[in-house]
Every structure is written in C-alpha cells, then in structure tokens.
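Subject: Structure handover: disulfides and salt bridges

Hi there,

Here is the structure I promised to pass on to you. My notes on its disulfides and salt bridges follow below it.

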Amino acid sequence: MTVVRKASKPLLVMAGLSLAVLGPFCQAASAATVLSIGDGDTISVLERGKKLKVRLACIDAPETAQTPFGVASRNQLKALLPIGSMVSLRVQAVDRYGRSVAEVIGNKGMVNLAMVRSGQAFVYRQYLGRCDRQAYLAEERQAQAQWLGVWAVPGGMTRPWDFRHRGAGRPSAGAVPAAAFSSAPASSPQAAQPSGVKITCKQIGSYARAQELLRQGHSYLDRNGDGVACEGLR
C-alpha cells in the first residue's frame, strides 16, 4: 500500500497541472498554423495537415459591410494573428456551417478576449456559456468606457447579429417617430442623447429596434447597465 501511495502523488500533480492548462471547461487545446483571416471573428488554420475554418467563440465582430468597423476589426485580428503564426485552439463545438467554434490562443494570450478588449468585437452573450463570462463582460465594459473601436459610436454601433437579422441593413419595422431623437451629430455622448422623449420597451416591441434606440442615446432602456436594452423583448 505504501508503494502505491508514493507512486500516485506525481500522477495527482500531473493531473492537476493538466486541468490548469485546459481551463475552467477542461477543453483540450490543439496546435494549428494560421493560414488566412476571413473577418474579425473567422480564420482558417492548418491543423494536423488539414485545413480548418474557425469561428472565434463567444464574440461577434462587425460584418465587412459595416463600414468602417468591419475592416478595422479584420485588421486587428490580422495584427493579433499574422499568417503563419502558431495558435492553440480550444474547440467548443462545430456550427451549422461546419466551422470549428473555438477560443484561439496566440503568443500574446487569448485572442477572443483581446478582440473585445480592443473594442473590435462584441461579447456574444447568446453563446457565452462555455467561456469565462465575467472576464469577457469586464473587457467589454472597459472598451466601452474608453470609447474604443465599435464603442466610438455612443452606445455602440449596430450589433452584427442585428445587422444580419435585418438582411444587411434593411430598416426594421415599427420605427419610432423621428421627433423622439436629437438631430445633433453623434460625435459625443452628450450629442447622442435623445431630446427628452422617453419610450418604453412595450412601445418599442422589437428587441432589435431597442438596441438601435440604445445606440442613439436612449440609455434609460438599459436598466442594468450591461449594454443591452429591453432584454425582456428577446
């Protein structure tokens, strides 16, 4: 029995180290080489001799058509992941397009978090279950406080998921009368505030429209300060 106890200690230590490397969700990391950058949240890599398309988990970057934010986001990802660089992938799932959804670790740390930290991507709250929610939201709040990237627009630009849902920018239904807004340019938080008319979530009736109003200065719609308006409309 004594021999067994002594032999098991190194194994326990190694097991503990393995869990620390794998992170809170115990996802095994695999090595890969960056081949190309698609947009701010999509890359192609070479893993074990096979080309793999990867969707960065838990974030959503501006679409390329969302000028100039889409291009800026892609450029930031290219700077973080130069072609030919080595990365580790913590794959969480495979999406309906056949892409591996993963957290990507480069030589400067977690790339997904770095994109949020730089203001070049939003936290994708709908798909945040397998990432460190607290860390991602903290980075987003910091980027928002510093008016970085997508947050240069008061309240943030149109969220990519809203942009896609509306069919690349078609106006959403149920628009609130234009008189509810200030005509001042949105170059500062003060300029973007509404002209005094307050609208309830019930009157808006659309989750996507509520996010638009939040970005136009109706901050009272975001009651808990998490950057999302009228969450009950989801």
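Searching the whole structure turns up two disulfides, a disulfide being a pair of cysteine sulfur atoms within 2.5 Å. Please bear in mind that this is a predicted model, in which local features need pLDDT of at least 70 and side-chain atom pairs count only at pLDDT 80 or more, while totals for chains, interfaces and linings use all residues. Residues are numbered from 1 along each chain as its sequence is written, and side-chain values use heavy atoms, with hydrogens and water left out.

(Helices, H or I with at least four residues, and strands, E with at least two, are DSSP runs numbered from the N terminus.) Both cysteines, Cys58 and Cys131, are buried; buried means under 20% relative accessible area, exposed over 50%, and partly exposed in between (1.4 Å probe, protein chains only).

Cys201 and Cys230 also form a disulfide, with 2.0 Å between their sulfur atoms. This one is left-handed, at -80° about the S-S bond. Cys201 is partly exposed at 24% relative accessibility, whereas Cys230 is buried at 5%. Numbered in sequence order, the bonded cysteines pair 1-2, 3-4.

Now to the salt bridges: there are eight of them, counting a side-chain nitrogen of Lys or Arg within 4 Å of a carboxyl oxygen of Asp or Glu. Arg55 and Asp41 form one, at 3.5 Å from N to O. Arg55 lies in strand β3 (residues 50-56) and Asp41 in the loop between β1 (29-39) and β2 (42-47), so this pair ties together parts 14 residues apart in sequence. Arg55 and Asp41 are both buried, and they belong to a salt-bridge network together with Asp60, Glu63 and Arg164.

Arg90 and Glu103 form another salt bridge, their closest N and O atoms 4.0 Å apart. Both Arg90 and Glu103 are buried. What about Glu139 and Arg117: how far apart are the closest N and O atoms of this salt bridge? They are 3.1 Å apart, and the pair links helix α4 (residues 133-145) to helix α3 (residues 111-117). Glu139 is buried at 19% relative accessible area, while Arg117 is partly exposed at 40%.

Best wishes
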